[in-house]
Structures are given as structure tokens and as C-alpha cells.
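Keep the structure open and follow along.

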Amino acid sequence: MTVNETFEQLVLEADLNSPAPEVEPARQAWFLARAREIVQRRSQAAGRKLTCRVETFGCQMNARDSEKIIGILRSAGFEEAASEDADFLVYNTCTVRDNADQRVFGRLGRAGHLKKNREGMKIAVCGCMVQEKTNVEKIQKSYRFVDLIFGTHNLYRFPEYLSACLESEGMVIEIWDRADRIVEALPTARKYPFKSGTNITFGCNNFCSYCIVPYVRGRERSRQPVEILRECERLAADGVVEIMLLGQNVNSYGKDLDISCTFADLLTEVCKIEGIRRVRFMTPHPKDLSDDVIRAVRDNEKIARHIHLPLQSGSDRILKRMNRRYTKEQYIDLALKIRREIPDVSITTDIIVGFPGENDDDIDDTIDVVRRVGFDNAFTFIYSKRAGTPAAKMPDQVPEAEKNRMFNRVLAAVQETAHGRADRLTGRIMEALAEEVNVKDSRYITARLSNNMLVHVPGDPSMIGKMLQVRLDECRGFYFFGTVVGE
Ligand code: SAH
Ligand code: SF4
Ligand code: F3S
């Protein structure tokens, strides 16, 4: 767990006999101290440690938020449980597509049953889904056993909600329409000791016409470079070797700050931190991926040879209606420039199929881009109508069966091009970060190459977190089997 010493000091100094301070982060420190007292009392009464569990849906941004939530719960005295059968259960939700919503409701239903058999159990729902009123109303009506609902903009107040929820019966609900500030310094618990995400921006200003993110995450806000660098330094001192810089559109980093710091500047600065061996970023928007970022990646060995460049569609007509603000040819030019400038780079993408008005001619264009760029991997999604977005109101929604048929066409093209891409690296020796014991065969360790591909090597858990030199012996489509030849 990364403990921010200044914040921990505030928690230790909190005077619970006086009212909670109004200023942040002292206020949250006060509530954390109070939550600690309650948790301690209950643990003593129960004769065991209280447990917590955070279930995460959605993107890397949500995964990072979950680390903050777990950090606070652990700091309050909870121990992490291996399943959802825990004393404090949190669902950190995503609403980017309808099936994400449905998954959460399904799981929530099951959690209600768990609660019946566990006295004092508390269930919280947070994240993007509850930024939408209709979802909150549905929880209030049909999932009345939920104890706490809080949104994306006020996550930093979790200590306050936690203590309110532990002290009261009934549902605590606090959702804000927009963020009032960025509060630094709260504790986080990393999922992996050796790698971490770091937020550089929150929110999004792009309003792609299909996308709910700007509505549930608000306008774009950049963190101060000094805060980001300080966090990365702290992470490095704590054993982190790989950092992923996170934002919905990392290229626009810094545009809202009063000092001049571009995304390329930030990348270069993060690379200078001792102990950091690899830097990734997610996600650049093709409309503003500038040459200075390409140069920064090219010239800086530490930056991963991987660019995730969401295409969404290859049809100019659809791109325009999606409000993506680039054309098919502009995208292809950019992708090919990246390939030219950065040897061995892998380019991956996201594609949406079945956007309103889309037909087989548009799909032909998308497939043409897939073939000309030769993506190393692509996530293909069936368009999902999100209430409140401009695309939801477009009259020419595509029938489900059509969407599925077009989806299969794109998927086949993606699989065909991606399949051969990895093979070109067979026989090479490359650096790979050992991440975990192979899930299927514990005699192997799974490691990640700079280009984001996986390689499985014979080994043991002592290797986890180390940067290894690996020979890529055998390509199995999207991944490799290899041998460690050095550290
Ligand atoms: N900010 C990132 C992506 C965020 S959402 C970007 O601009 O690329 C992740 C992916 O979900 C998107 O790239 C898109 O492909 C997909 N997505 C977003 N809204 C969707 C919708 N309504 N239906 C289907 N897929 C969607
Ligand atoms: Fe959504 Fe577009 Fe913003 Fe990405 S850039 S989060 S797809 S609105
Ligand atoms: Fe989902 Fe929210 Fe991320 S909607 S994709 S978790 S920003």
C-alpha cells in the first residue's frame, strides 16, 4: 500500500472530540480516523478482522479508482477478502455499454443474498453507472439492501461516506454533477506491487456522439505535473518499475493548466525518474496524437513500443457522425507514420460496429483500414445505444441481427491480420516484465513485452516483478512461449 505520510499524519492527529474540519484533505483524514475507530470496535466485538472486497468493472481509470477505494478501506482497518462474501462490498461500475450495466445488476442481485447471511454487511455501488439518475432510481427501488451510492466526482470523499455508512442504517446517496477539485494524498492499495496506473487527466471533452463517458466523468481536468511526478517518484521508491499514464485523451494533457506542460513533456519527465523502467499510456486520440509524442516514444527507450489508437470506424461518413474529427486517410497516414518512426511498435485499436446508419459499404472501409494498418490486436464492440448521447437520438438505428452480422465480418478481418503480426518477432530476444504465475500451468510465468504482447516462460514466482531478457521461441498467434536468457 502506498501510504502518503503527510495524510497518515493528519489521520493520526485528527481530534475526534472536535467537529470534522472543513478543509481538504484534513476533513477526509478526520473521517478516516473515525472509520478506524468503528472498524476496530466491531472487529473486537466479532473476534476477527472485518473484511472488504471491491469488484471493478470497466476501464483502467476505474481500476485505478478501485485501488484508491481499497487503499482507504485497508487504512480504515479492513482486510481484503477473496470473494464478495465480505463485510464491506463495493461495486465500482462502468456504463460504457449496456451489457456492462446488466452485469452489475446481476451481481448486485446475488450480493443481496449474501447480505442475508452476513450480519452487518454493507454494500456500496459507485462509479460511472450511478452518475445516471435512472440507475440510481432503479437501485433505490429494486435493490433496497444497498447501503451507499456515490459517484465519480466525489470519490475523494469516500472516508466520509464510509464512516456515515458504518454509523447509520438506510441508504447513503451522494452523487455530484461535476468535480469541484482534485484532492491528492489519499492512500492507495496497488493490485500489483511492481506496476501502477497514474491518472494524468480526468474526464473528457470530446463528446464522440455514441459515448457516455463525458456525461459520467465530466469535463477534462489535468493534474498538476508536479503532483504526477511526485506520485511516480513515490511509486518508484515503493518498487514500481512500470507506470501507465491514464486519461481518456492523454494528448490533450496540460491544455487546461496555467503552466506550459504538454503530454510529450510529461512523458519525458516521467522517464527520467530513477527506478522506472517502462512507461505506458492510455488512451491517445488520433485527432491530436502529435509528432512530438511520436518523437518522445521513438527517442525514449523506456516508453513502451505500443500505441493503442482507437479507430472506431473506417468510414468517413460514420466518423463524421461519430464526431471523431479525423478521416479514414488521416488515420491511416498517422498509423503508418507511427510504424515508420517507431520500429517494432505494435498498434492496437477499438472498433465499434453497428453505429446508426452504418451499412456494408462502411464496414468495407473499416476492413480496408484493418488490412492497410495491420493492427496487432483490436477490440471490436457492437454499438450500444446510450441514453442522453446524440447517437441515441439518430433515427437510423441498426437492427440487432444486422449489427451482429457486420460485427462478424469485422472480427474475421481483425483475426486474419492480427494473427500473422506477432510471428515476425519469433527468435528475437526482448525485454519482458514478469507479471504473474501462468493461470493454466503454474510451472510458467507470464511476462509482458514492451509491445504489450505476452510471453510464457518456465520459471517460478520469485521472478515476478523482474524485467527479464527473454528469447521468443514459439509464436502461438497472439502470444509466445519463450526462455529467459538473462535479467
Ligand atoms: N477514451 C477512449 C475510450 C473510452 S471507452 C477513446 O477515446 O478511445 C472505450 C471504448 O469503448 C471506445 O474506444 C469505444 O470503442 C467503446 N465504446 C464507447 N462507447 C460505446 C458505445 N456506445 N457502444 C459500443 N462501444 C462503445
Ligand atoms: Fe468517449 Fe470519445 Fe471521450 Fe473517448 S474521446 S472517452 S470515446 S467521448
Ligand atoms: Fe466505463 Fe467509466 Fe471507464 S463508463 S469505460 S468505467 S470511464
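## An exposed lysine to start with

Lys-133 counts as exposed, because its relative accessibility is 68% and the cut-off for exposed is over 50%. Before going further, bear in mind that this is a predicted model. Lys-133 sits in helix α5, which covers residues 133-142.

How far apart are Lys-133 and Phe-375 in space? From C-alpha to C-alpha the gap is 38 Å, and 242 residues separate the two in sequence.

Going through the pairings, β12 (residues 306-308) runs parallel to β13 and is joined to it by 3 bridges. Look for His-306 opposite Ser-346 of β13, and for Ile-307 opposite Ile-347 of β13. On to β14 (residues 377-382): this strand is also parallel to β13, with 6 bridges joining the two. One pair to pick out here is Thr-348 with its bridge partner Asn-377 in β14.

## A buried strand and its helices

Is β13 enclosed or open to the outside? Of the 8 residues in this strand (residues 346-353), 8 are buried, so β13 is largely enclosed by the rest of the structure. In a regular strand, side chains alternate between the two faces of the sheet, so it's worth checking each face in turn. One side of β13 has Ser-346, Thr-348, Asp-350 and Ile-352, the other has Ile-347, Thr-349, Ile-351 and Val-353, and both sets are buried.

Helix α13 (residues 360-374) goes together with β13 and β14 in a right-handed β-α-β unit.

## Gln-312, a buried loop residue

Next, a stop in a loop. Gln-312 is found between β12 and α11 (316-322). Buried or exposed? Gln-312 counts as buried, because its relative accessibility is 8% and the cut-off for buried is under 20%.

What does Gln-312 touch, leaving aside neighbours within four places in sequence? Its contacts are Tyr-210, Met-322, Arg-324, Tyr-326, Asp-350, Ile-351 and Ile-352. Asp-350 and Ile-352 have come up already, on one side of β13, while Ile-351 was on the other.

## α10 against α12

Back to α12, this time for its packing with another helix. Helix α10 (residues 291-299) packs with α12 at an angle of about 30°, and the two axes are 10 Å apart. The pair is therefore roughly parallel, since that term applies to angles under 35 degrees. The crossing of α10 and α12 is right-handed. Asp-291, Ile-294 and Arg-298 make the contact from α10, and Leu-334, Lys-337, Ile-338 and Glu-341 make it from α12.

## The β7-β10-β11 sheet

There's another open sheet to look at, with 3 strands in the order β7-β10-β11 and parallel pairing. β7 (195-199) and β11 (278-282) are at the edges, each with a single partner strand, so one side of each lacks a neighbour in the sheet. Here the twist averages 25° from one strand to the next.

Strand β10 (residues 242-246) pairs with β11 over 5 bridges, in the parallel sense, and Leu-245 faces Phe-281 of β11. α8 packs on this sheet, touching β7 and β10, and its direction makes about 170° with that of β7. α9 packs on the sheet as well, touching β10 and β11 at about 155° to the direction of β11.

## α8 and α9 side by side

Those two helices also pack with each other. Between α8 (residues 225-237) and α9 (residues 263-271) the angle is about 25°, and their axes are 10 Å apart. They are therefore roughly parallel, and their crossing is right-handed. Pro-225, Ile-228, Leu-229 and Cys-232 of α8 make the contact with Leu-266, Glu-269 and Val-270 of α9.

Note on methods:
Residues numbered from 1 in each chain as written. Chains lettered and ligands numbered in written order. Predicted model: local features only at pLDDT ≥ 70, side-chain atom pairs only at ≥ 80, totals over all residues. Heavy atoms only, no water. Buried < 20%, exposed > 50% of the residue type's maximum accessible area, 1.4 Å probe, protein only. Helix = DSSP H or I, 4+ residues; strand = E, 2+ residues; numbered from the N terminus. Pairing = 2+ DSSP bridges. Right-handed = clockwise from strand over helix to strand, strands pointing away. Axes fitted to C-alpha atoms, helices over the stretch in contact; angles between N-to-C directions. Parallel < 35°, antiparallel > 145°, perpendicular 65-115°, else oblique. Left-handed = near helix turned anticlockwise from the far one by under 90°. Contact = heavy atoms within 4.5 Å.
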